[in-house]
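Please look through the structure below with attention to its backbone geometry, its aromatic rings and the confidence of the prediction. The report that follows takes up these topics in turn.

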Amino acid sequence: MQANKKNAIQSNTEVFKQQQKMMERSLKLEEMEREQFINQNALYKQQQISLTLIGVLVILLLLLWRRQHINKQLKQQLTKLTTDYYTHPRSGLRNLRMLNARLANSLQQSSANFEQWHLGEIINEPLSDRLRFALFEVSFLKRIYLEKGYQQGLTAEKEFGNYLQVQILEPARIYHFSDALFLYIEPNARLSCDPKQLAESMQQLIDNYTLPLNIDNALQIGMAEYPFLPRAYTAINDQELIDILLMTVDAGISLNDKQPGSNWVHLCAIDAAPAASFVSDNIRRSCVEGIDKGLVKVRSSTNNEIIWNYDHNLNKDIS
(Lines give C-alpha, C1' and ligand atoms only; values in the text may rest on other atoms or scores of the structure.)
Protein backbone atom coordinates (compact mmCIF):
# COMPACT_ATOMS: atom_id res chain seq x y z
CA MET A 1 0.00 0.00 0.00
CA GLN A 2 2.68 2.43 0.96
CA ALA A 3 4.62 1.65 -2.20
CA ASN A 4 1.58 2.29 -4.35
CA LYS A 5 0.85 5.49 -2.47
CA LYS A 6 4.40 6.63 -2.90
CA ASN A 7 4.28 5.90 -6.63
CA ALA A 8 1.01 7.79 -6.94
CA ILE A 9 2.48 10.80 -5.15
CA GLN A 10 5.51 10.67 -7.44
CA SER A 11 3.30 10.45 -10.50
CA ASN A 12 1.22 13.39 -9.35
CA THR A 13 4.39 15.36 -8.68
CA GLU A 14 5.71 14.63 -12.16
CA VAL A 15 2.38 15.53 -13.71
CA PHE A 16 2.31 18.79 -11.72
CA LYS A 17 5.83 19.63 -12.80
CA GLN A 18 4.99 18.98 -16.44
CA GLN A 19 1.84 21.05 -16.13
CA GLN A 20 3.89 23.83 -14.52
CA LYS A 21 6.44 23.67 -17.35
CA MET A 22 3.68 23.71 -19.93
CA MET A 23 2.10 26.72 -18.23
CA GLU A 24 5.44 28.54 -18.13
CA ARG A 25 6.03 27.71 -21.80
CA SER A 26 2.53 28.93 -22.66
CA LEU A 27 3.14 32.19 -20.79
CA LYS A 28 6.45 32.65 -22.59
CA LEU A 29 4.80 32.03 -25.96
CA GLU A 30 2.10 34.54 -25.15
CA GLU A 31 4.75 37.08 -24.11
CA MET A 32 6.72 36.43 -27.30
CA GLU A 33 3.58 36.76 -29.41
CA ARG A 34 2.77 40.04 -27.65
CA GLU A 35 6.30 41.34 -28.25
CA GLN A 36 6.14 40.19 -31.87
CA PHE A 37 2.84 41.99 -32.34
CA ILE A 38 4.26 45.14 -30.79
CA ASN A 39 7.40 44.89 -32.97
CA GLN A 40 5.32 44.30 -36.09
CA ASN A 41 3.21 47.35 -35.31
CA ALA A 42 6.35 49.44 -34.74
CA LEU A 43 7.90 48.12 -37.97
CA TYR A 44 4.69 48.86 -39.89
CA LYS A 45 4.64 52.40 -38.56
CA GLN A 46 8.29 52.88 -39.48
CA GLN A 47 7.61 51.53 -42.97
CA GLN A 48 4.67 53.90 -43.36
CA ILE A 49 6.74 56.83 -42.17
CA SER A 50 9.61 55.85 -44.49
CA LEU A 51 7.25 55.49 -47.46
CA THR A 52 5.69 58.85 -46.64
CA LEU A 53 9.11 60.51 -46.43
CA ILE A 54 10.22 58.86 -49.67
CA GLY A 55 7.00 60.03 -51.34
CA VAL A 56 7.50 63.58 -50.08
CA LEU A 57 11.15 63.49 -51.20
CA VAL A 58 10.14 62.25 -54.66
CA ILE A 59 7.50 65.00 -54.92
CA LEU A 60 10.06 67.63 -53.85
CA LEU A 61 12.57 66.32 -56.38
CA LEU A 62 9.91 66.40 -59.10
CA LEU A 63 8.96 69.93 -58.11
CA LEU A 64 12.63 71.00 -58.11
CA TRP A 65 13.19 69.33 -61.47
CA ARG A 66 10.09 70.98 -62.90
CA ARG A 67 11.14 74.35 -61.47
CA GLN A 68 14.63 73.97 -62.93
CA HIS A 69 13.16 72.90 -66.26
CA ILE A 70 10.80 75.90 -66.29
CA ASN A 71 13.67 78.24 -65.30
CA LYS A 72 15.79 76.83 -68.11
CA GLN A 73 12.96 77.33 -70.58
CA LEU A 74 12.37 80.88 -69.32
CA LYS A 75 16.10 81.66 -69.59
CA GLN A 76 16.17 80.28 -73.13
CA GLN A 77 13.11 82.32 -74.02
CA LEU A 78 14.63 85.42 -72.40
CA THR A 79 17.91 84.85 -74.25
CA LYS A 80 16.04 84.42 -77.52
CA LEU A 81 13.89 87.49 -76.89
CA THR A 82 16.98 89.51 -75.91
CA THR A 83 18.82 88.27 -79.00
CA ASP A 84 15.86 89.03 -81.23
CA TYR A 85 15.38 92.43 -79.60
CA TYR A 86 19.01 93.49 -79.91
CA THR A 87 19.81 91.73 -83.20
CA HIS A 88 19.01 92.89 -86.70
CA PRO A 89 16.51 90.37 -88.15
CA ARG A 90 18.22 90.17 -91.55
CA SER A 91 21.97 90.44 -90.95
CA GLY A 92 22.17 88.98 -87.43
CA LEU A 93 24.38 91.88 -86.30
CA ARG A 94 23.72 94.03 -83.26
CA ASN A 95 21.01 96.51 -84.12
CA LEU A 96 20.10 100.11 -83.37
CA ARG A 97 18.48 99.19 -80.04
CA MET A 98 21.74 97.70 -78.82
CA LEU A 99 23.58 100.76 -80.09
CA ASN A 100 21.27 103.09 -78.16
CA ALA A 101 21.62 100.93 -75.03
CA ARG A 102 25.44 100.79 -75.06
CA LEU A 103 26.70 103.89 -76.85
CA ALA A 104 25.80 106.44 -74.16
CA ASN A 105 27.69 104.43 -71.50
CA SER A 106 30.72 104.05 -73.79
CA LEU A 107 30.85 107.78 -74.46
CA GLN A 108 30.41 108.56 -70.78
CA GLN A 109 33.31 106.27 -69.83
CA SER A 110 35.52 107.74 -72.55
CA SER A 111 34.71 111.27 -71.34
CA ALA A 112 35.45 110.37 -67.72
CA ASN A 113 38.88 108.98 -68.63
CA PHE A 114 39.79 112.09 -70.59
CA GLU A 115 38.68 114.37 -67.78
CA GLN A 116 40.86 112.41 -65.35
CA TRP A 117 43.82 112.81 -67.69
CA HIS A 118 43.38 116.58 -68.05
CA LEU A 119 42.96 116.95 -64.29
CA GLY A 120 46.21 115.04 -63.76
CA GLU A 121 44.60 112.08 -62.00
CA ILE A 122 46.15 109.73 -64.56
CA ILE A 123 49.55 110.30 -66.14
CA ASN A 124 49.31 109.02 -69.71
CA GLU A 125 46.69 110.20 -72.18
CA PRO A 126 44.26 107.26 -72.50
CA LEU A 127 44.42 106.96 -76.27
CA SER A 128 42.98 103.45 -76.13
CA ASP A 129 39.82 104.91 -74.58
CA ARG A 130 39.21 107.36 -77.40
CA LEU A 131 36.55 106.06 -79.73
CA ARG A 132 36.69 106.19 -83.51
CA PHE A 133 33.45 105.98 -85.46
CA ALA A 134 32.88 105.06 -89.09
CA LEU A 135 29.36 105.01 -90.48
CA PHE A 136 29.35 103.47 -93.95
CA GLU A 137 26.76 102.70 -96.59
CA VAL A 138 27.14 99.45 -98.53
CA SER A 139 25.62 100.14 -101.93
CA PHE A 140 25.58 96.57 -103.24
CA LEU A 141 23.01 95.43 -100.65
CA LYS A 142 20.42 97.82 -102.04
CA ARG A 143 21.28 96.79 -105.58
CA ILE A 144 20.87 93.07 -104.84
CA TYR A 145 17.37 93.63 -103.47
CA LEU A 146 16.39 95.75 -106.48
CA GLU A 147 18.01 93.61 -109.18
CA LYS A 148 17.73 90.04 -107.83
CA GLY A 149 14.69 90.13 -105.59
CA TYR A 150 13.75 89.94 -101.95
CA GLN A 151 14.83 86.36 -101.18
CA GLN A 152 18.29 86.73 -102.70
CA GLY A 153 18.61 90.07 -100.95
CA LEU A 154 17.84 88.43 -97.59
CA THR A 155 20.39 85.70 -98.26
CA ALA A 156 23.07 88.21 -99.28
CA GLU A 157 22.40 90.39 -96.24
CA LYS A 158 22.64 87.42 -93.87
CA GLU A 159 25.87 86.19 -95.47
CA PHE A 160 27.34 89.69 -95.28
CA GLY A 161 26.35 89.94 -91.61
CA ASN A 162 28.03 86.60 -90.86
CA TYR A 163 31.15 87.82 -92.66
CA LEU A 164 31.30 91.01 -90.60
CA GLN A 165 30.79 89.10 -87.35
CA VAL A 166 33.82 86.95 -88.15
CA GLN A 167 36.01 89.83 -89.33
CA ILE A 168 35.24 92.44 -86.63
CA LEU A 169 36.95 91.34 -83.43
CA GLU A 170 36.79 92.82 -79.93
CA PRO A 171 37.31 95.47 -78.74
CA ALA A 172 36.04 96.84 -82.06
CA ARG A 173 32.34 96.33 -82.69
CA ILE A 174 29.88 96.81 -85.51
CA TYR A 175 26.17 97.58 -85.62
CA HIS A 176 23.62 97.27 -88.39
CA PHE A 177 22.32 100.80 -88.20
CA SER A 178 19.58 100.59 -90.83
CA ASP A 179 19.13 99.03 -94.26
CA ALA A 180 22.54 99.36 -95.95
CA LEU A 181 24.09 101.52 -93.19
CA PHE A 182 26.58 99.99 -90.75
CA LEU A 183 28.34 101.65 -87.81
CA TYR A 184 31.88 100.59 -86.91
CA ILE A 185 33.33 101.61 -83.53
CA GLU A 186 36.84 100.97 -82.26
CA PRO A 187 39.12 102.28 -79.52
CA ASN A 188 41.95 104.39 -80.91
CA ALA A 189 44.36 101.46 -80.66
CA ARG A 190 46.21 102.51 -83.82
CA LEU A 191 47.50 105.62 -81.99
CA SER A 192 46.67 107.60 -85.12
CA CYS A 193 43.67 109.73 -86.01
CA ASP A 194 44.37 109.64 -89.73
CA PRO A 195 40.90 109.10 -91.25
CA LYS A 196 42.41 107.84 -94.48
CA GLN A 197 43.85 104.86 -92.61
CA LEU A 198 40.46 103.94 -91.16
CA ALA A 199 38.72 104.48 -94.52
CA GLU A 200 41.22 102.18 -96.24
CA SER A 201 40.64 99.55 -93.57
CA MET A 202 36.88 99.71 -94.16
CA GLN A 203 37.39 99.54 -97.92
CA GLN A 204 39.69 96.54 -97.59
CA LEU A 205 37.11 94.83 -95.39
CA ILE A 206 34.46 95.26 -98.08
CA ASP A 207 36.83 94.39 -100.93
CA ASN A 208 37.67 91.04 -99.33
CA TYR A 209 33.97 90.20 -99.47
CA THR A 210 32.89 91.74 -102.78
CA LEU A 211 35.82 90.99 -105.12
CA PRO A 212 35.42 87.16 -105.07
CA LEU A 213 31.71 87.67 -105.81
CA ASN A 214 32.40 90.23 -108.55
CA ILE A 215 29.95 92.77 -107.13
CA ASP A 216 30.13 96.53 -106.59
CA ASN A 217 32.47 97.52 -103.74
CA ALA A 218 31.61 101.23 -103.53
CA LEU A 219 31.41 102.68 -100.02
CA GLN A 220 30.29 106.01 -98.64
CA ILE A 221 31.99 106.49 -95.26
CA GLY A 222 31.46 109.16 -92.64
CA MET A 223 33.95 109.40 -89.77
CA ALA A 224 34.48 111.22 -86.49
CA GLU A 225 36.17 110.68 -83.13
CA TYR A 226 34.85 110.96 -79.60
CA PRO A 227 35.35 113.22 -77.73
CA PHE A 228 34.41 115.33 -80.76
CA LEU A 229 35.39 118.51 -78.91
CA PRO A 230 38.81 118.01 -77.28
CA ARG A 231 38.15 120.69 -74.64
CA ALA A 232 34.51 119.84 -73.91
CA TYR A 233 33.95 116.16 -73.46
CA THR A 234 30.25 116.14 -72.67
CA ALA A 235 29.12 118.92 -75.01
CA ILE A 236 27.97 116.44 -77.65
CA ASN A 237 25.88 113.41 -76.67
CA ASP A 238 25.47 110.05 -78.39
CA GLN A 239 22.52 111.06 -80.58
CA GLU A 240 24.27 114.21 -81.76
CA LEU A 241 27.40 112.22 -82.59
CA ILE A 242 25.30 109.83 -84.70
CA ASP A 243 23.76 112.85 -86.41
CA ILE A 244 27.24 114.15 -87.27
CA LEU A 245 28.09 110.77 -88.79
CA LEU A 246 24.87 110.73 -90.80
CA MET A 247 25.75 114.18 -92.07
CA THR A 248 29.19 113.02 -93.20
CA VAL A 249 27.75 109.96 -94.98
CA ASP A 250 25.27 112.23 -96.77
CA ALA A 251 28.21 114.42 -97.77
CA GLY A 252 30.01 111.36 -99.13
CA ILE A 253 26.96 110.49 -101.20
CA SER A 254 26.94 114.02 -102.63
CA LEU A 255 30.61 113.55 -103.58
CA ASN A 256 29.66 110.37 -105.38
CA ASP A 257 27.66 112.40 -107.91
CA LYS A 258 30.89 114.07 -109.07
CA GLN A 259 33.32 111.20 -108.47
CA PRO A 260 31.60 107.79 -108.60
CA GLY A 261 32.98 105.04 -106.42
CA SER A 262 34.00 105.04 -102.80
CA ASN A 263 34.16 108.31 -100.90
CA TRP A 264 34.80 109.26 -97.31
CA VAL A 265 34.31 112.42 -95.25
CA HIS A 266 35.79 113.09 -91.83
CA LEU A 267 34.93 115.85 -89.35
CA CYS A 268 37.17 116.86 -86.45
CA ALA A 269 36.88 119.89 -84.19
CA ILE A 270 40.11 121.81 -83.60
CA ASP A 271 41.67 121.76 -80.13
CA ALA A 272 40.56 125.31 -79.36
CA ALA A 273 36.93 124.84 -80.44
CA PRO A 274 34.68 126.19 -77.65
CA ALA A 275 31.75 124.11 -76.45
CA ALA A 276 29.48 127.16 -76.62
CA SER A 277 29.67 127.01 -80.41
CA PHE A 278 27.92 123.65 -80.36
CA VAL A 279 25.21 124.37 -77.82
CA SER A 280 22.23 124.23 -80.13
CA ASP A 281 19.14 122.19 -80.86
CA ASN A 282 20.56 121.47 -84.32
CA ILE A 283 24.01 119.87 -84.24
CA ARG A 284 24.20 119.88 -88.03
CA ARG A 285 23.79 123.62 -88.18
CA SER A 286 26.41 124.00 -85.43
CA CYS A 287 28.88 121.82 -87.34
CA VAL A 288 28.36 123.65 -90.62
CA GLU A 289 28.77 127.00 -88.85
CA GLY A 290 31.87 125.58 -87.15
CA ILE A 291 33.25 124.56 -90.55
CA ASP A 292 32.56 128.05 -91.87
CA LYS A 293 34.40 129.60 -88.88
CA GLY A 294 37.32 127.19 -89.07
CA LEU A 295 36.44 125.47 -85.79
CA VAL A 296 35.79 122.12 -87.50
CA LYS A 297 38.27 120.59 -89.92
CA VAL A 298 36.91 118.65 -92.88
CA ARG A 299 38.90 115.99 -94.67
CA SER A 300 37.63 113.89 -97.52
CA SER A 301 38.74 111.47 -100.21
CA THR A 302 38.58 114.26 -102.85
CA ASN A 303 39.01 118.01 -103.12
CA ASN A 304 35.54 118.45 -104.59
CA GLU A 305 33.07 120.83 -103.06
CA ILE A 306 30.75 119.41 -100.38
CA ILE A 307 27.16 120.52 -100.08
CA TRP A 308 26.07 120.40 -96.44
CA ASN A 309 22.38 119.92 -95.77
CA TYR A 310 20.63 120.95 -92.55
CA ASP A 311 17.97 123.66 -92.82
CA HIS A 312 19.24 124.98 -96.11
CA ASN A 313 22.21 124.24 -98.33
CA LEU A 314 25.54 125.73 -97.47
CA ASN A 315 28.56 125.26 -99.73
CA LYS A 316 32.02 124.95 -98.34
CA ASP A 317 35.27 124.39 -100.19
CA ILE A 318 37.47 121.74 -98.71
CA SER A 319 41.02 122.80 -98.09
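In this predicted model, asparagine 214 counts as exposed because its relative accessibility is 71%, which is over the 50% cut-off. Asparagine 214 is placed in the loop between helix H5 (195-210) and strand E4 (219-226), and its phi is near 55°, a positive value in a residue other than glycine. Aspartate 179, found in the loop between E2 and E3, likewise has a positive phi, of about 45°, although it is not a glycine. With a relative accessibility of 52%, aspartate 179 also counts as exposed. A further backbone feature is the peptide bond from glutamate 170 to proline 171, which is cis, with omega near 10°; proline 171 has its place in the loop between H4 and strand E2 (173-178). These features deserve a remark because most residues other than glycine have a negative phi, and most peptide bonds are trans.

Turning to the aromatic side chains, a search of the whole structure finds 10 aromatic pairs, and two of the pairs are set out here.

| Ring pair | Distance between centres | Angle between planes | Arrangement |
|---|---|---|---|
| Phenylalanine 136 and phenylalanine 182 | 5.8 Å | 20° | stacked |
| Phenylalanine 160 and phenylalanine 182 | 5.4 Å | 80° | edge-to-face |

Phenylalanine 136 lies in strand E1 (residues 131-138) and phenylalanine 182 in strand E3 (residues 181-187), so this pair ties together parts that are 46 residues apart in sequence. Phenylalanine 160, in contrast, lies in helix H4, so its pairing with phenylalanine 182 in strand E3 ties together parts that are 22 residues apart in sequence. Phenylalanine 136 and phenylalanine 182 are both buried, and phenylalanine 160 is buried as well. Ring pairs link Phe136, Phe140, Phe160, Tyr163, Phe182 and Tyr209 into a cluster.

Arginine side chains also meet aromatic rings: the charged end of arginine 94 sits over the ring of tyrosine 175, 5.3 Å from its centre, while arginine 97 lies over the face of tyrosine 85, at 4.4 Å from the ring centre.

As to confidence, the chain has a mean pLDDT of 82, and 85% of its residues reach 70 or more. Confidence is highest in helix H4 (residues 150-167), at a mean of 93, and lowest in strand E8 (residues 313-316), at 44. Over residues 117-128 the pLDDT is below 50, and this stretch has 18 contacts in the model beyond near neighbours in sequence. Residues 312-319 also stay under 50 in pLDDT, and for them the model has 19 contacts beyond four places in sequence.

Methods
Residues numbered from 1 in each chain as written. Heavy atoms only, no water. pLDDT = per-residue confidence, 0-100. Helix = DSSP H or I, 4+ residues; strand = E, 2+ residues; numbered from the N terminus. Contact = heavy atoms within 4.5 Å. Phe/Tyr/Trp six-rings, centres within 6.5 Å; stacked < 30°, edge-to-face > 60°. Buried < 20%, exposed > 50% of the residue type's maximum accessible area, 1.4 Å probe, protein only. Lys NZ or Arg CZ within 6 Å of the ring centre and 35° of its normal.
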